[in-house]
Structure formats: structure tokens, C-alpha cells
Amino acid sequence: LAWGFPDSAGPGLGAAQERELVDMAREATAEGSKTFFLATRFMGQAEAEAVWSVYFWCRDLDEVADGAGFSSPKDRATELERRKALLARAFSSTGDVRPEGKVWKDDSGLASALSLGLAAQRFRLEVEPFQDMIDGMLMDVQAEAKGQQVLYATADELDVYCYRVAGTVGLMTLPVVAQGLDTKDPELRARAKALGEAFQLTNILRDVGEDLRLRGRVYLPQETLDRFGVSVDDLQRMAKGETPLSDNYKSLLRHEIQRNLERYTVGESGIPMLPWTMRFPVRVALELYREILVSIEEKSGLDNLSKRAFVGTLEKISLLPGILLRALFAVR
């Protein structure tokens, strides 16, 4: 496997175009995730740019899976397969993902692949997690094509999905945040994977109402809904305010929040393994994202159907000193 774009960002791209790609990645991260963008502000410039490029590629892929610009599941699946081909070319020996005559600025898939190639070249990223993420996005599209509203039958199926669409991000960024370490170390990889999965489970819990209203999707596993006696009809009525939040649903959320916190605990145990310069930014991302769970439970009263939990800017700033102390003094 060759790494990224061996000659700059690919044949024919100069320094100004590379800078423009980095700027696109930076803007995508700043717009898409204020928490992750804040965390990158505590990294070195090269490391931050690499994380922005990874985020840009992932966000662009997610928009395809969510249907942006594509009218049917079949069209989205076709585009995701095209992204697989672009990815393979981005990690090839030539690194040029552009068809002849194609302007990369007119195609977000090309732009994000070129941007990712910059990071791949500099930090020797592994291609496999990126391939796995595309497979995760295809899981969404395939479930929708079958007319499934509840996308996953069991917690195990949801865990596979969470690995593919988010646990992979931990592995994608490991060569960036764990420089000088053995990134094949099974313990280190397990912790990176768990942290990415924790982020995704938080997204799912935060967005239950939004996913139901806007996309007609329910990511909570069917077996979990059944276990707690909650139906999709119940979710819809509670989301519309026709009935109050049920005790059954609150119990379900507490169960899922606890399951989510267990992933954060595993991910957190990996922070002391990182180079000291990376412990603070990774902990910033972890603690601020984990705080969303506090917001769901304490501020929103477990109402994630009509409210979207978030952590405000001032609150994030107020949490930084404590996060810094924990980053400095945490031990394995």
C-alpha cells in the first residue's frame, strides 16, 4: 500500500490549491462540529489540518448517506460505491483521483478525497478504516431501501454500525494523535475504537427525535424498544407532544446512556497512553462530547424527542481548566 499523494496532493496541484483544500476541510469541521474543531485548536498545525481533512471526508460521506443531492437509496448506494473507487485511488501509488477534465471544486467527493490524501501522505493513514466507514454508510442506505424504519434489530447490529461509522474515526486519526507509538498495539486500537463508538452513540441518543422527524429513521435497536415496552408509534406521539414522555422511555434512555458511558470509560483509559501533547485535545473532545449526555438527562429531562441537547460555548470554556488538569495528571 502506498500512502496518500506522493507528489504533493496529486499531479497538477500546487501549493495554493493545497491550501484551498485545507481551508475547505477547516471550514467543514468548524461548521459541522464545534466540539471537535475546538479540540483541534489545541493541536499542532499539521495535526489539526490532518484531523480536519479526515472530518471533511467523513462529513461529506455522511451527507451522501443522508440523501443530500440524491433522490433514492439506489442513487446514494451508487455514489457511495464511487467514493470507494475515489478512496482506492487516493491511497494508490499515483494518488490522482481526478478524471480527465474534471474540476475538483465542482465535486465534493473529489475535493474531500484530495484533502484526505494530504493527511494520508503526511501521517501514513491506514485505508481500511475508511473502507469500513463506507460500508457503514451503505448499511443505512440498504436498510432504507428495504423500507425499514427501525434500522437495527439488535444491540449487536447497532454496535457493528457504530464501529463502521465512528469507531473507524478513532482508527483513522490514531496515526495523527499517537505519533511515535505502535499504532498496531491492540490495547491502543481498542481504546481509540471505543471512543469513536461512544461519540456515535451520543449522536444517536441526542438525535432520536430529529432522525424520526426528518429521516423517518430509528437507530434504537428493536430488541431494546421491545425490552422496555416502547413502540415506534409511542416515539412518534411523544415527539409530537401528543403524549408525555413515558416512564418506559425514560428507563430505556437511562439504560442507553449507561451503555454509552461505558464506552467513554474505555476510550478515556487510552488517553494516558498518548503523547503528552495530544492528551489535552483528545480529552477536550471526549469530555465535551460526553457532556451532551449530561445535557440530555439533566437539562432536557430525558426529552430527546422534542429537544436537541447541546453544550453551550460558555459552558465549554468553563470546563477547559478542569479538563486540562485531568489531562496533565491522569495516569495509566
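Colleague: In which hand, left or right, does α4 pass α5 in the crossing?
Modeller: This is a predicted model. Helix α4 covers residues 73-90 and helix α5 residues 108-123. The crossing of α4 with α5 is right-handed.

Colleague: Are α4 and α5 roughly parallel or roughly antiparallel to each other?
Modeller: Their axes lie 10 Å apart, and the packing angle is about 30°. Angles under 35 degrees count as roughly parallel. Therefore α4 and α5 are roughly parallel.

Colleague: How many nonpolar residues does the contact of α4 with α5 have?
Modeller: From α4 come R82, R83, L86, L87 and A90. They meet S108, G109, L110, S112, A113 and L116 in α5. By class, the contact has 2 charged residues, 3 polar ones and, as the count asked for, 6 nonpolar.

Colleague: Which element has the lowest mean pLDDT?
Modeller: The protein as a whole has a mean pLDDT of 90, with 92% of its residues at 70 or more. Among the elements, helix α10 (residues 222-227) has the highest mean, 98. The lowest, 90, belongs to α5.

Colleague: How many residues apart in sequence are the parts that the pair of F36 and F199 ties together?
Modeller: The structure holds 11 aromatic pairs. In one of them, the ring centres of F36 and F199 are 5.0 Å apart and the planes stand at 70°, so the pair is edge-to-face. F36 sits in helix α2 (residues 34-40) and F199 in helix α8 (residues 186-206), so the parts tied together are apart in sequence by 163 residues.

Key. Residues numbered from 1 in each chain as written. Predicted model: local features only at pLDDT ≥ 70, side-chain atom pairs only at ≥ 80, totals over all residues. Heavy atoms only, no water. Axes fitted to C-alpha atoms, helices over the stretch in contact; angles between N-to-C directions. Helix = DSSP H or I, 4+ residues; strand = E, 2+ residues; numbered from the N terminus. Parallel < 35°, antiparallel > 145°, perpendicular 65-115°, else oblique. Left-handed = near helix turned anticlockwise from the far one by under 90°. Contact = heavy atoms within 4.5 Å. Nonpolar A, V, L, I, M, F, W, Y, C, P; charged D, E, K, R; others polar. pLDDT = per-residue confidence, 0-100. Phe/Tyr/Trp six-rings, centres within 6.5 Å; stacked < 30°, edge-to-face > 60°.
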